[in-house]
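Subject: A structure for you to look at

Dear colleague,

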Amino acid sequence: MSDKAIEITNVNFDEKVTNSTLPVLIDFWAEWCAPCRMLEPAIDEIADVYEGKAIVAKVNIDEQVELAQKYGVMSIPTLMLFKEGEVAGKVIGVVGKDKIASMIDAAL
């Protein structure tokens with residue numbers, strides 16, 4: 001898992017996502033997922049670029065099955081952007097950092 005993204009669990013979801021005043025980008029991933037590992041450098045760069053403007057987080061779908069089910073995650077990697085606790089954007093698969101950045105920019 002990225003060192004620059006916070007880990008989201010069922011326990012801290014409301015505190016870190018629902019109640020956040022900043023947009024929250026969540027990367028739904030798993031250890032065994034090769035495309036998820038390919039996306040990790042872009043996620044780290046986004047975390048650096050948007051530090052203080054947005055929160056970058058990760059949800060391990062193997063450990064947080066309830067969150068994956070609640071948000072209908074069927075394929076990984078899935079990126080979801082939350083604004084004011086609601087899903088404001090969603091991308092499935094490996095995408096470039098420009099696509100991720102434009103999704104966050106739309107929520108700022």
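Please begin with Glu-84, which lies in the loop between strands β4 and β5. Before going on, keep in mind that this is a predicted model, and that everything below describes that model. The phi angle of Glu-84 is near 55°, which is a positive value in a residue other than glycine. Is Glu-84 buried or exposed? Glu-84 has a relative accessible area of 66%, and because a residue counts as exposed over 50%, Glu-84 is exposed.

Another loop, the one between α3 and β4, holds Pro-77. The peptide bond that leads from Ile-76 to Pro-77 is cis, and its omega angle is near 0°.

The chain contains four helices and five strands, and if you trace them from the N terminus on, they come in the order β-α-β-α-β-α-β-β-α. The five strands form an open sheet with mixed pairing, and across this sheet their order is β1-β3-β2-β4-β5. Which strands stand at the edges? They are β1 (6-7) and β5 (86-92), and each of them has a single partner strand, so one side of each is left without a neighbour in the sheet.

The pairing of β2 with strand β4 (residues 78-83) is antiparallel and runs over five bridges, and here Ile-26 stands opposite Met-80 of β4.

How many of the residues of β2 are buried? Six of its six residues are, and the strand is accordingly described as mostly covered. In a regular strand, side chains alternate between the two faces of the sheet. In β2, Val-24, Ile-26 and Phe-28 point one way, while Leu-25, Asp-27 and Trp-29 point the other way, and all of them are buried.

Lys-58 lies in β3, and its relative accessible area is 1%. Because the limit for a buried residue is under 20%, Lys-58 counts as buried.

Lys-70 is found in helix α3, which spans residues 65-70, and with a relative accessibility of 58% it counts as exposed. Between the C-alpha atoms of Lys-70 and Asn-12 there are 15 Å, although the two are 58 residues apart along the chain. Met-38, for its part, lies in helix α2, and it also counts as exposed, at 57% relative accessibility. Met-38 and Lys-90 are 52 residues apart in sequence, and their C-alpha atoms are 18 Å apart in space.

Finally, some values for the whole chain. For 108 residues, a compact globule would have a radius of gyration near 13 Å, and the 12 Å of this chain agrees with that. The C-alpha trace spans about 30 × 25 × 20 Å along its principal axes. Buried residues make up 51% of the 108 residues, while the accessible surface of the chain comes to about 5,700 Å², of which 51% belongs to carbon and sulfur atoms.

With best wishes

Notes. Residues are numbered from 1 along each chain as its sequence is written. This is a predicted model: local features need pLDDT of at least 70, side-chain atom pairs count only at pLDDT 80 or more; totals for chains, interfaces and linings use all residues. Side-chain values use heavy atoms; hydrogens and water are left out. Buried means under 20% relative accessible area, exposed over 50%, partly exposed in between (1.4 Å probe, protein chains only). Helices (H or I, at least four residues) and strands (E, at least two) are DSSP runs, numbered from the N terminus. Two strands pair if DSSP finds at least two bridges between them. The radius of gyration is taken over C-alpha atoms; the globule rule is 2.2 Å times the number of residues to the power 0.38. Accessible areas come from the Shrake-Rupley method with a 1.4 Å probe; for residues, only the protein chains shown count as cover.
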